[in-house]
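Please work through the two exercises below with the sequence and the model open, trying each task before reading its solution.

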Amino acid sequence: MSNAWSPDTLIAQAMGEIEPVYKGVVPPIHPATTYIRDPDNSYPTGVAYSRDDNPTTRAPERLLAALEQGEEALLFASGMASAVAVFETLPIGAHVVAQNVMYWGLREWLRSKDEAGRLSVTFAALEEPGAAAAAVRPGATKLVWAESPSNPLWRVVDIQAVADVAHGAGAVLAVDSTAATPILTRPLTLGADIVMHSATKYLNGHSDVIAGALAFKDKGPLWQLLKTYRHDTGAVLAPFEAWLLLRGMRTLHIRVRTASSGALTLARQLQSHPMIEQVRYPGLQDAPDHSLAKRQMDGGFGGMLSIQVKGGEQAAIGAAAKVKIWKRATSLGGVESLIEHRSSIEGPGTPVPTNLLRLSVGIEDPADLYADLDQALS
Ligand SMILES: *Cc1c(COP(=O)(O)O)cnc(C)c1O
């Protein structure tokens, strides 16, 4: 592989590495848990045991690191496993700042760790200028956690500005970039120290693998800490899953661009639908973060949007009940479009409006997707 290759070429070729014996154009799966030492007691390829390293798992790690313009990446058994690893490597009682409206599962986990005294968590509206600076405690804050665009209102965080604040306070910045993907945003180039992905979503893209990933600027202490943590906790991705993930990643750019353009078309059409109160999508001219999104996102605004239906919760649930092409399911980032009444899954305490439907736009014809929503809403 060549460093001069563009991301599209790296993706399609899966880094261009060819297995040297049979030279198949698709990499093989290495299910072995353990590897043979040479007579001199050394490991000839450096790979010894599959909880540390596995050649099949290394392939999507290397591809992700290249796409994020970092040096290293680590795959985990799920997105949550990768996110929790970042927090669990912090000292007991460490102060962290996390986005107020973000992926609900992680927000709830952080709330429980704050209650238990494991972490001290300040939730802040990091999408608002000045919020990060007001929330950090210089010298005490260890980590700032941002998500961009953020679930399920799709607000965009100014990563460069928040990185400056975090670093000024002596903290690390981690960004959940699941919705943006490295096709649209590369947080490491904007100052983030760690990029996290639920690889279950766009990276795999086919709703058939649960996986998580962290990407790092360099093979420095942060990467070493998280690699050791993964080794110790065994939160590894199995080789079969890693192989499927790499296969999914080989169309990442095509899927993300198609979903982004479909989402923009739908967002614009839905904005003037008589049954819609509000459309939440950073690609819309009047979205609160539109100018930042144009600056920070490259080639699209992502495949995720939310709509708020006139008539409240029952009208929203009723519309979701009538769709035929959209699938009523949680998760996102697959080739098939999904619709979800978000506050139902988040439950009591959710900040999400009860009339909100979250849409994960797939790669179907946007005209069919719009017609299906239109008949369900009307
Ligand atoms: C799904 C998701 C996660 C959690 O990932 P899993 O793979 O389900 O563990 C974290 N962050 C975001 C933004 C997600 O969409």
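**Exercise 1: the ligand shell**

Task: Which helix and which strand each supply at least two residues of the shell around the ligand?

Solution: α3 (79–88) and β6 (194–198) do so, where helices (H or I, at least four residues) and strands (E, at least two) are DSSP runs numbered from the N terminus. This is a predicted model, in which local features need pLDDT of at least 70, side-chain atom pairs count only at pLDDT 80 or more, and totals for chains, interfaces and linings use all residues. Residues are numbered from 1 along each chain as its sequence is written, and side-chain values use heavy atoms, with hydrogens and water left out.

Next, take the shell as a whole: 14 residues surround the ligand, each with a heavy atom within 4 Å of it, and Met-80 and Asp-176 are among the closest.

**Exercise 2: helix α4**

Task: Which residues of α4 are buried, and what do they pack against?

Solution: Helix α4 covers residues 104–116, and within α4 Trp-104, Leu-106, Arg-107, Trp-109 and Leu-110 are buried, that is, under 20% relative accessible area (1.4 Å probe, protein chains only). These buried residues pack against α3, β2 (94–99), β3 (119–124), β4 (141–147) and α13 (342–346), with contact meaning heavy atoms within 4.5 Å. Finally, α4 is followed by Gly-117, whose phi is positive, near 85°.

Notes:
The expected span of a helix is 1.5 Å times one less than its number of residues. Buried means under 20% relative accessible area, exposed over 50%, partly exposed in between (1.4 Å probe, protein chains only).
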